[in-house]
Amino acid sequence: MTSELDIFVGNTTLIDEDVYRLWLDGYSVSDAVSLRVRSGILEQTGATAAVLQSDTMDHYRTFHMLERLLHAPPKLLHQLIFQIPPSRQALLIERYYAFDEAFVREVLGKKLSKGTKKDLDDISTKTGITLKSCRRQFDNFKRVFKVVEEMRGSLVDNIQQHFLLSDRLARDYAAIVFFASNRFETGKKKLQYLSFGDFAFCAELMIQNWTLGAVDSQVDDMDVDLDKEFLQDLKELKMLVADKDLLDLHKSLVCTALRGKLGVFSEMEANFKNLSRGLVNVAAKLTHNKDVRDLFVDLVEKFVEPCRSDHWPLNDVRLFLNQYSASVHSLDGFRHQALWDRYMGTLRGCLLRLYHD
């Protein structure tokens, strides 16, 4: 009895996206096989359990061999061992460096060190993300941080150049690097309502306006380190609340402009000085590392919570912040307009993002 067998020979590396996802999620081969069986793949393909086991193992071996190249993505593009189409290479890289929102919220702002890595067991238990996946995501954060932290030039551009990530993912990694470098507190209970996207939005504003790169594109660490001279100068804003005449005039200008336009006008008028002191004092304290780390805690305590307790609608918050910022330009005795705009331009955007009415 003779059997006919059709054979096709090729050298293109086959990538099964579903199996790749299972591998990235940290499942063992046996768990991955069980999940594939549950998805109905045996019925769909007519394959046997043994073939499925072999197929899964073969994919896992390929992914393990590719992983060292994924640690330095340009190497994946230039190697000749695996024949992978460019679109597939991009998919492999993008998904390898993708991360879970629940995981990044647990480590955002923490030092990317062995100490934090020891907490991954607890994070895995808390989030339901496998320990293996937690380790991959943490190691990716640390790897990107180490490569770009002292580079000259745009943080996003450097990440894209060295890790070949999409613009959106590169911006997310820039936020992670920025938060890790400045150690912003994000884990306090009062900050738990904020998403990674909220913090990433604020990080992008601060990188654009408060870092060394905002004033000099040729310095090292330009998008990582806050501009210390700028932070020192912010103490000059203290006069806006220390000088009673300036404070009263500022309040008068804002109230005149917003009368009849705010649903919470009486609450704003009664609380104006406290809100202004809060916003200005946050600026004046940013010369100290601890106060820089507590920036988001202070913004929530000094502004978001008071407005929320008075039930300010988001649009009223927007109108107030716009007028509060703009009215300073009409204060004849104030001589730090550019400094104020650099500070409040960023702070206004952050506060509107942090305020969930």
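# Close-up views of a predicted model

**View 1. Alanine 49 is placed in helix H4.** The structure shown in this and the following views is a predicted model. Alanine 49 has a relative accessibility of 49%, so it counts as partly exposed; the cut-off for an exposed residue is over 50%.

View 2. Threonine 62 is buried because its relative accessible area of 12% is under the 20% cut-off. When residues up to four places away in sequence are not counted, threonine 62 touches Thr13 and Phe82.

**View 3. Tyrosine 96 and tyrosine 97 form an edge-to-face aromatic pair.** The ring centres of tyrosine 96 and tyrosine 97 are 5.4 Å apart, with 75° between the planes. Tyrosine 96 has a relative accessible area of 1%, so it counts as buried. Tyrosine 97 is likewise buried, at 0% relative accessibility. Another residue meets the ring of tyrosine 96: the charged end of arginine 136 sits over this ring, 5.7 Å from its centre.

**View 4. Ring pairs join a set of aromatic residues into a cluster.** The structure holds 28 aromatic pairs. The cluster shown here links Tyr20, Trp23, Phe63, Tyr96, Tyr97, Phe99, Phe103, Phe141, Phe163, Tyr173 and Phe196. Among them are the two tyrosines of the previous view, Tyr96 and Tyr97.

**View 5. The charged end of arginine 342 sits over the ring of phenylalanine 230.** The distance from this charged end to the centre of the ring of phenylalanine 230 is 4.1 Å.

**View 6. Glutamine 161 lies in helix H11, residues 155-163.** Glutamine 161 counts as exposed because its relative accessibility, 54%, is over 50%. Proline 74 is shown with it: glutamine 161 and proline 74 are 87 residues apart in sequence, while their C-alpha atoms are 8.6 Å apart in space.

**View 7. Arginine 183 has a positive phi although it is not a glycine.** Most residues other than glycine have a negative phi. The phi of arginine 183 is about 55°. Arginine 183 belongs to the loop between helix H12 (167-182) and helix H13 (196-209). With a relative accessible area of 37%, arginine 183 is partly exposed.

**View 8. Histidine 311 is another residue other than glycine with a positive phi.** The phi of histidine 311 is near 60°. The loop that holds histidine 311 runs between helix H19 (295-309) and helix H20 (314-327). Histidine 311 has a relative accessible area of 65%, so it counts as exposed.

**View 9. Glutamate 267, in helix H17, is in contact with Asp310 and Trp312.** Glutamate 267 and tryptophan 312 are 45 residues apart along the chain, and 8.8 Å separates their C-alpha atoms. Glutamate 267 is partly exposed, with 30% relative accessibility.

**View 10. Helix H16 packs with helix H17.** Two packed helices are described by the angle between their axes and the distance between the axes. For H16 (residues 244-258) and H17 (residues 265-284), the angle is about 145° and the axes are 11 Å apart. The crossing of H16 past H17 is right-handed. On the H16 side, the contact is made by Leu247, Asp248, His250, Lys251, Val254, Cys255 and Leu258. On the H17 side, it is made by Phe265, Met268, Glu269, Phe272, Lys273, Ser276 and Arg277. Sorted by class, this contact of H16 with H17 has seven nonpolar, two polar and five charged residues.

Technical notes
Residues numbered from 1 in each chain as written. Predicted model: local features only at pLDDT ≥ 70, side-chain atom pairs only at ≥ 80, totals over all residues. Heavy atoms only, no water. Axes fitted to C-alpha atoms, helices over the stretch in contact; angles between N-to-C directions. Helix = DSSP H or I, 4+ residues; strand = E, 2+ residues; numbered from the N terminus. Left-handed = near helix turned anticlockwise from the far one by under 90°. Contact = heavy atoms within 4.5 Å. Nonpolar A, V, L, I, M, F, W, Y, C, P; charged D, E, K, R; others polar. Phe/Tyr/Trp six-rings, centres within 6.5 Å; stacked < 30°, edge-to-face > 60°. Buried < 20%, exposed > 50% of the residue type's maximum accessible area, 1.4 Å probe, protein only. Lys NZ or Arg CZ within 6 Å of the ring centre and 35° of its normal.
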